[in-house]
Amino acid sequence: MAEPIKLHESWRAPLAGAFASPGMAALKAFLLAEEAAGKAIFPKSSEWFRALELTPLDRVRVVILGQDPYHGPGQAHGLAFSVRANVKVPPSLANIYKELQSDLGIAPARHGFLEHWASQGVLLLNTSLTVEQGLAASHKGRGWEQFTDAVIRLVAARAAPCAFLLWGNHAQKKADFVDDSRHLVLKAPHPSPLSAYSRGSVGGFFGCRHFSRTNQWLESQGQAPIDWALPSL
């Protein structure tokens with residue numbers, strides 16, 4: 001883990017301190033012990049940093065924060081909310097698609113493979129980058145949080161402004177240090193079926209219009225909008 005398997009070069013030097021930290025060494029020891037005990041860990045190690053491989057630091061325009069990877073076989077591949085093309089679209093992503101259709105008129109994709117977003121500068125980052133099969137949040141508190149905090153701080157510290165789409169209390173707390181006078185910070189409940197209809201102080205997920213609001217903001221910054229429509233596979 002001191003030398004990540006796949007990572008875009010733009011992240012390597014800025015994250016060198018995070019990779020060399022005692023917390024990362026402890027995380028590596030934990031993951032090796034879990035593997036030695038025969039536990040299945042998702043995603044596979046070559047995809048732990050997939051979000052940072054597909055979206056270079058200097059190209060991040062939008063950040064969407066998830067919690068931990070999907071814990072079912074064949075689902076997780078290193079991008080928050082995304083699943084492989086041949087995997088059933090999970091409920092939270094299905095609700096994201098419903099909001100996209102309501103907001104921008106984009107029909108729901110028949111797959112959940114979101115690399116098209118990542119290639120345009122949408123950083124799909126989970127708080128924890130690994131999980132044990134069948135056990136949600138099983139790697140919480142093992143060290144990934146400090147690493148992903150460092151990633152968010154790097155993005156927030158750049159001169160170029162960025163849009164942060166923070167869905168649910170977890171994402172909102174994790175990125176509460178982001179300066180909303182420089183960056184676009186949009187908040188809504190999590191798209192999970194348990195909370196998508198709730199209407200707290202920031203309204204509901206359905207009707208939040210984060211996709212159109214993000215594109216309007218990007219255009220006001222002189223940037224191209226995100227093509228949220230996913231290509232057929």
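Author: Let us begin with the largest cavity, whose lining is made by Trp48, Phe49, Arg50, Ala51, Leu52, Gly78, Leu79, Ala80, Leu124, Leu125, Asn126 and Leu129. Please keep in mind throughout that this is a predicted model. The volume of this cavity is about 50 Å³, and the count of cavities of 30 Å³ or more comes to three. Rolling a probe the size of a water molecule over the atoms is what shows where empty space is left. Sorted by class, the lining of the largest cavity holds nine nonpolar, two polar and one charged residues. Two elements, α4 and β3 (122-126), each supply at least two residues of that lining.

Is Phe49 buried or exposed? Its relative accessibility is 3%, and Phe49 therefore counts as buried, since the cut-off for buried is under 20%. Although Phe49 and Thr130 are 81 residues apart along the chain, their C-alpha atoms are separated by 10.0 Å. The loop between β1 and α4 also contains Pro43, and the peptide bond that leads from Phe42 to Pro43 is cis, with an omega near -10°.

If we follow the chain past α4, we come to Thr55, in the loop between α4 and β2. Thr55 has a relative accessible area of 1% and is therefore buried. With its neighbours within four places in sequence left aside, Thr55 is in contact with Trp11, Val60, Ala118, Gly121, Val122 and Leu123. Further on, in the loop between β2 and α5, there is Phe81, whose phi is near 70°, a positive value in a residue other than glycine. Because its relative accessibility is 8%, Phe81 counts as buried.

For a contrast in accessibility, turn to Gly134, which lies in the loop between β4 (131-132) and α7. At 48% relative accessibility, Gly134 counts as partly exposed, because the word exposed is kept for values over 50%. The C-alpha atoms of Gly134 and Ala18 are separated by 28 Å, and these two residues are 116 apart along the chain.

The open spaces can be read in the way we read the cavity. The largest pocket has about 370 Å³ of space and is lined by 21 residues, of which Asp68, Pro69, Tyr70, Ser92 and His190 lie nearest its centre. Its lining divides by class into nine nonpolar, 11 polar and one charged residues. The second largest pocket holds about 210 Å³ of space, and among the residues that line it are Gln67, Asp68, Lys140, Glu145, Asp149 and Lys174. Two or more residues of this second lining come from each of α7 (144-157) and α8 (169-174). By class, the lining of the second largest pocket has two nonpolar, four polar and five charged residues.

Finally, consider helix α9 (residues 210-220), whose buried residues are His210, Phe211, Ser212, Thr214, Asn215, Trp217 and Leu218. These buried residues pack against β2 (62-66), α5 (91-104), β5 (163-167) and β6 (184-188). Two packed helices are described by the angle between their axes and the distance between the axes. For α5 and α9, the angle is about 60° and the axes are 8 Å apart, and the two helices are therefore oblique to each other. In this contact α5 takes part through Ile96, Glu99, Leu100, Asp103 and Leu104, while α9 takes part through His210, Phe211, Ser212 and Asn215. The residues of the contact divide into four nonpolar, three polar and two charged.

Arg209, in the loop between β6 and α9, has a positive phi of about 55° although it is not a glycine. Arg209 has a relative accessible area of 40%, and it is therefore partly exposed. After α9 comes Gly222, whose phi is positive as well, near 80°.

Notes: Residues numbered from 1 in each chain as written. Predicted model: local features only at pLDDT ≥ 70, side-chain atom pairs only at ≥ 80, totals over all residues. Heavy atoms only, no water. Buried < 20%, exposed > 50% of the residue type's maximum accessible area, 1.4 Å probe, protein only. Helix = DSSP H or I, 4+ residues; strand = E, 2+ residues; numbered from the N terminus. Contact = heavy atoms within 4.5 Å. 1 Å grid on protein atoms, 1.4 Å probe; cavity = no way out; pocket = protein on both sides within 12 Å on 5 of 7 lines; lining within 4 Å. Points joined across faces, edges and corners; volume = space filled by probe spheres on them. Nonpolar A, V, L, I, M, F, W, Y, C, P; charged D, E, K, R; others polar. Axes fitted to C-alpha atoms, helices over the stretch in contact; angles between N-to-C directions. Parallel < 35°, antiparallel > 145°, perpendicular 65-115°, else oblique.
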